[in-house]
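Take a look at it, then read on.

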Amino acid sequence: MRSSGSPPADLSGAAPSSIPLKQVLPPDASSLITQTIQQISARAVFGMGALLAVVYAAWGALNGTWAMITGLKKAYEVEEKSVHGGGFCSSCSG
């Protein structure tokens with residue numbers, strides 16, 4: 001805890017990852033989070049499995065977004081008007 005006479009830290013321009021947890025959380029919470037992060041990073045193994053997980057997560061997010069856009073277009077009866085003449089990629093259409 002800081003004393004009542006000390007001014008609060010100026011955190012306005014700091015990135016969230018650069019703010020020490022002790023400054024923004026109670027001591028028990030900051031130590032718990034710090035321990036958890038250390039345990040996770042100690043066990044982290046980056047390899048082909050992690051790479052595949054990232055690829056599948058990106059693929060799933062893309063498909064989910066695409067499905068939502070398509071569903072909303074159907075629900076609101078909106079037809080897409082292409083400015084490029086009907087193709088997904090203007091330079092790809094011969």
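Helices here are DSSP runs of H or I with at least four residues, strands are runs of E with at least two, and both are numbered from the N terminus. By that rule the chain has three helices and zero strands, and along the sequence the pattern reads α-α-α. Keep in mind that this is a predicted model, where local features need pLDDT of at least 70, side-chain atom pairs count only at pLDDT 80 or more, and totals for chains, interfaces and linings use all residues. Residues are numbered from 1 along each chain as its sequence is written, and side-chain values use heavy atoms, with hydrogens and water left out.

Next up is the surface. Buried means under 20% relative accessible area, exposed means over 50%, and partly exposed is in between (1.4 Å probe, protein chains only). Of the chain's 94 residues, 2% count as buried. Using the Shrake-Rupley method with a 1.4 Å probe, where for residues only the protein chains shown count as cover, the chain exposes about 8,600 Å², and carbon and sulfur atoms supply 64% of that.

| Residue | Relative accessibility | Class |
|---|---|---|
| Ser-30 | 6% | buried |
| Leu-52 | 40% | partly exposed |
| Glu-77 | 72% | exposed |

Let's start with Ser-30, which sits in helix α2, residues 27-43. Leaving aside residues up to four places away in sequence, Ser-30 touches Leu-21, Lys-22 and Leu-25; a contact means heavy atoms within 4.5 Å. The Ser-30 side chain also reaches the backbone oxygen of Pro-27 at 3.0 Å. Pro-20 is 10 residues from Ser-30 in sequence, and their C-alpha atoms are 8.8 Å apart in space.

Leu-52 belongs to helix α3.

Finally, Glu-77 lies in the segment after α3 (48-75). Just after that helix, Glu-77 takes a positive phi of about 50°, in a residue other than glycine.

Definitions and conventions: A polar contact is a pair of N or O atoms within 3.5 Å; within protein, one must be able to donate a hydrogen and the other to accept it, and residues adjacent in sequence count only if both atoms are side-chain atoms.
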